[in-house]
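I opened the model to look up its pockets and one of its sheets of paired strands. My notes follow.

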Amino acid sequence: GKRYLGTPYKFGATAGQTRNFDCSSFTQYVFKKVGINLPRTSQQQARVGKYVSRSNLRVGDLVFFSIPGKPGVIHHVGIYAGNNKILQTYGAGGVRITDLYSGTWSSRYMTARRVL
């Protein structure tokens, strides 16, 4: 997934292409490259694989978050990249690596799933 760093974010991006991504089209595309078919939305993706606790995350686990104004509802997904970092896309800057324990992401963290 790191080869797509900087690829623009677009809400509702068309699945299966690399001009732009939204969070779940990005995870869907990256996982398809390794032979794993994920559903299209973050809420659907949160129901596949096996639950993983935050303290047992491994590289490649899907991590899920709420968004402002909708606490308790999954609306965002990223890929755990190791060393408390997540590979994800949102807003200006597109695909990037961010800190899982930064205030924003730490407070919105909901769950994680292992599909690899």
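I count two strands as paired if DSSP finds at least two bridges between them. Helices (H or I, at least four residues) and strands (E, at least two) are DSSP runs, numbered from the N terminus. This is a predicted model, where local features need pLDDT of at least 70, side-chain atom pairs count only at pLDDT 80 or more, and totals for chains, interfaces and linings use all residues. Residues are numbered from 1 along each chain as its sequence is written, and side-chain values use heavy atoms, without hydrogens and water.

Strands. I looked up S2 (residues 62-65) and found it antiparallel to S6, with four bridges. Val 63 has Ala 112 of S6 as its bridge partner. S1 (residues 50-51) also runs antiparallel to S6, over two bridges. There, Tyr 51 sits opposite Arg 113.

Pockets. On a 1 Å grid over the protein atoms alone, a pocket is an open set of points where a 1.4 Å probe fits, with protein on both sides within 12 Å along at least five of seven lines; lining residues have an atom within 4 Å of a point. A volume is the space filled by probe spheres set on the points, which are joined across faces, edges and corners.

The largest pocket comes to about 360 Å³. Its lining has 20 residues, and Tyr 9, Phe 11, Cys 23, His 75 and His 76 are the closest to the centre. H1 (23-32), H2 (42-45) and H3 (103-108) each supply at least two lining residues.

The second largest pocket has about 180 Å³. Strand S3 gives the most to its lining, three residues.
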